[in-house]
Amino acid sequence: MSFPNVPNVTPEIDLDREDVINLLLASVAFEELGLAHMINAEAEKIQFVLGTLEGVNPQNPPSLDQLLEVNRSVEQTLRGIIKKEMLLQFKLEDILDIPNGNNDTNDEEE
């Protein structure tokens, strides 16, 4: 089996500092939006199991073991979301610390 031939692609991308910062901030915003959707899905999961989700009528109430399993699942997911939030906070701080590029210092006046 031979390796595929990859064409030489050298796109010309012309971004200035402001464009780069805006793209990075947009990437943080989209990740935050995705996490918000995940949190909402976990809330709906709990509402479904408890029978409080609008438009859904459960046939049988869940057992205590089932409730505890859903709770563990939601907790695990939320822990992952919190970890991702911490990484996004670091990313945002790094973006905000990008130097001006005009040799000025980023120090705030006191």
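Of the contacts in the protein (heavy atoms within 4.5 Å) with a separation of 6 or more, 70% are accounted for by residues 24 or more positions apart. The structure is a predicted model, in which local features need pLDDT of at least 70 and side-chain atom pairs count only at pLDDT 80 or more, while totals for chains, interfaces and linings use all residues. Residues are numbered from 1 along each chain as its sequence is written, and side-chain values use heavy atoms, with hydrogens and water left out.

The protein has 2 helices and 0 strands; helices (H or I, at least four residues) and strands (E, at least two) are DSSP runs, numbered from the N terminus. The radius of gyration, taken over C-alpha atoms, is 23 Å, whereas a compact globule of 110 residues would have a value near 13 Å. The globule rule is 2.2 Å times the number of residues to the power 0.38. Along the principal axes, the C-alpha atoms fill a box of roughly 65 × 65 × 25 Å.

The accessible surface comes to about 9,700 Å², and 56% of this belongs to carbon and sulfur atoms. Accessible areas come from the Shrake-Rupley method with a 1.4 Å probe; for residues, only the protein chains shown count as cover. Of the 110 residues, 9% count as buried, where buried means under 20% relative accessible area, exposed over 50%, and partly exposed in between (1.4 Å probe, protein chains only). The protein has 7 positive and 22 negative charges, and their mean positions are 13 Å apart. Lys and Arg count as positive and Asp and Glu as negative, with His and the chain ends not counted; the place of a charge is taken as NZ of Lys, CZ of Arg, CG of Asp or CD of Glu.

Helix α1 covers residues 17–50. Its 34 residues reach 50 Å from the first C-alpha to the last, close to the 50 Å expected at 1.5 Å a residue; the expected span is 1.5 Å times one less than the number of residues. Helix α1 is followed by Gly 51, which has a positive phi near 80°. For helix α2 (residues 64–96), the 33 residues should span 48 Å, and the end C-alpha atoms are 47 Å apart, in agreement.

The buried residues of α1, namely Ile 21, Val 28, Leu 35, Glu 42 and Val 49, pack against α2. In α2, the buried residues are Val 70, Val 74, Ile 81, Leu 88 and Ile 95, and what covers them includes α1.

Two buried residues illustrate this packing. Ile 81, in helix α2, counts as buried because its relative accessibility is 2%. Leaving aside neighbours within four places in sequence, Ile 81 is in contact with Leu 35, Met 38 and Ile 39. The C-alpha atoms of Ile 81 and Ile 39 are separated by 8.0 Å, although these residues are 42 residues apart along the chain.

Glu 42, in helix α1, counts as buried because its relative accessibility is 9%. Not counting residues up to four places away in sequence, Glu 42 touches Ser 73, Val 74 and Thr 77. Glu 44 is also placed in α1, but counts as partly exposed because its relative accessibility is 38%. The C-alpha atoms of Glu 44 and Glu 54, 10 residues apart along the chain, are separated by 9.5 Å.
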